[in-house]
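Dear colleague,

I am passing on the structure below for you to look through. My notes on what was found in it follow.

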Amino acid sequence: MTSSVRSSRGNPFSPPAPGMRQLTRVFLMVALLGTGGCAYLLGPSEPPPPPWDAASPPPITELVELADVEPVEVGIPPAPNRYDPDTNVIHYDVELVIAPENDRVSARTTIRYTREVRGPHTMALDFTGMSVEAVTWGGDVLEFTHEGDRLEFEAPGSPGVFDTLQVEIMTRGAPTDGLILRENVHGEPSAFADNWPNRAHFWFPARDHPSDQATVSFTVHAPEGRKVVANGVLVEGPSPASPERAGGLEGLMSWRWENRVPIPTYLMVVGVADMVVMDQGLAACGHAPVSPREDGCIEVTGWAFPPDTAHARQVFARSGEMVDLYVDMFGPYPYEKLANVQSSTRFGGMENASAIFYSEDAIASGRDIEGTVAHEIAHQWFGNSVTPADWPHLWLSEGFASYFGPYFWEHVEGQLVFRERIHANRDRYLDSDVTHRPVVDEHAENLLDLLNANSYQKGSMVLHMLRWVLGDRAFFQGVRRYYQRHAGENVVTQDFQVAMEEAHGEPLDWFFQQWLHRPGYPEYEVEWDWDAGGGTVELKITQVQDEGWPLFRMPMEFEFLLDGGVHREIHLVDGREWTRTLALPGEPTQVRPDPDGWLLARFR
Ligand SMILES: [Zn+2]
């Protein structure tokens, strides 16, 4: 995502103040097995819902009054060992009813999962801020507990290893985050999901961790006149929804989207609003293995609010060209289509798999967000398809998008334009207040704090410097190898290091340690002295950065301005003090270290 643009209208769903974090409630279902009814939290006057059998799914809860359910704070990392490593979700099927008033939703989430060990078990899911109305299993109502952000139930029976297990969870309420229900920038009702880092469980029950990837389908029953976009392919609709299916509401339209490639929950989204859909051509032809089209291309579309279509069409116009560049550089496009969507994301852009969401204000105000578009499209390969297994490795997502997004301009406008963009990243990191922390930061108290100049700008400079150390050929070979080896998988920084070491043919631990696992950057004091008698210049480089930061080892280029022209040499500079005596054809008028700006450093 890009974090630089925040909605100027404020986010009504910002996290509650610390201290409000836990208002713990226990919703213990009354055991109703054998009574033919279902416990609802609406009091005794509520009529019981019709019974169902295992073949037909249980109904979605009617959208009546809302239960008062306190959410947990947004962005809190899960406790270690929260997730049972033996359990793996394979599919989420979320059926969602949006009330015409746009103030509440009702949903049935069907979760299919497997376990690596046989026997009875407790299934624990993340879910907060909305009420759980029922949990069912093959038509049977289960007891459950729902405290804070944890929904738990005992799975019935004694399943075998890798049996596919299925549970349905009926929920309703007004999500306080994750699915943002509000008026859009034009005062029209809109609902857009915005899940990073772990805000999916504010609107559907999930194992809300990037390491548990699954396929997902969304069936959305939305008021007529609003369009629905989501990950994957539209497989049904829009068609009139039967009130029985739509939580008892009349006049809704049903849309069903299926995403058949496993993705992490933070990328699973729907968007619902009055939007114009713009056909913006085809891309990745012959290099989109999961495209449903016979010609093997993906469809590129833009989705914008009616008053903003002209500008949206313009800022999204080169999306197909960006996709084709990244296909050439890295490998096949990993998803079924690409939709660029104006939305209420709290970020400048959010790279949701195949349905990228952009700040509605940025587009409505006519801002040029083409840099954001390239950044989010680059994420489809890095971050989405190759996904960090845990948040401390976020730079594998944001650093890559912050490098290969600007790289599009190297491709279309040349290296100088690209360098300008990368040097803006460098300067932003150097001026930031996170230089005392490492890029791979295991100690963030709130995951949102990781959206910083380490993950983005320093991450992009790490790639730039790796390109300098390895040269273009080995660098791009390594990045390509890393993508193709790990597409569809979770990774940590070590996986990238291994791929780059293979491309380089030499160990790179020194590089990864100093730049990613330790804080800071080098500050070089450069001195030189011309010896006219010997025809030599003595160069002295002293590293004067903070004592707590590493001493850096890097190849550095020097440019000597001479009477007769320019002379350049590259030397490996390391240690607190480094000196060399170099023969030159004449006295230099100036010595410039790192003239092309490959290094993340300050020079004095
Ligand atoms: Zn990003």
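**What was found**

Of the protein's 604 residues, 46% count as buried, a residue being buried if 20 or more other C-beta atoms lie within 10 Å of its own, exposed if 12 or fewer, and partly exposed in between, with C-beta atoms placed from the backbone. This is a predicted model, in which local features need pLDDT of at least 70 and side-chain atom pairs count only at pLDDT 80 or more, while totals for chains, interfaces and linings use all residues. Residues are numbered from 1 along each chain as its sequence is written.

The average pLDDT (the predictor's confidence in each residue, from 0 to 100) is 90 for the protein, and 89% of the residues score at least 70. Over residues 4–55, however, the pLDDT is below 50, although this stretch has 70 contacts in the model beyond near neighbours in sequence; a contact here means that the C-beta atoms of two residues, placed from the backbone, lie within 7 Å. Where pLDDT is low, the predicted coordinates should not be read in detail.

The protein has ten helices and 29 strands, taken as DSSP runs (helices H or I of at least four residues, strands E of at least two) and numbered from the N terminus. Among the contacts with a separation of 6 or more, 71% join residues 24 or more positions apart.

Helix H5 (residues 395–413) and helix H6 (residues 415–430) have axes that come within 7 Å and cross at roughly 160 degrees, the axes being lines fitted to C-alpha atoms over the stretch in contact, with angles from 0 to 180 degrees between N-to-C directions. H5 and H6 are therefore roughly antiparallel to each other, a term that applies to angles over 145 degrees. Their contact is made by Ser-402, Pro-406, Tyr-407, Trp-409, Glu-410 and Glu-413 of H5, together with Gln-415, Val-417, Phe-418, Arg-421, Ile-422 and Asn-425 of H6.

Helix H7 (residues 454–470) has 14 of its 17 residues buried, so it is largely enclosed by the rest of the structure. H7 is followed by Gly-471, whose phi is positive, near 85 degrees.

Asp-529, which lies in strand E23 (residues 523–531), is exposed, with 10 other C-beta atoms within 10 Å. Leaving aside residues up to four places away in sequence, Asp-529 touches Val-537 and Glu-538. Asp-529 and Glu-587 are 58 residues apart in sequence, and their C-alpha atoms are 9.7 Å apart in space.

With best wishes

Note on methods: Parallel < 35°, antiparallel > 145°, perpendicular 65-115°, else oblique.
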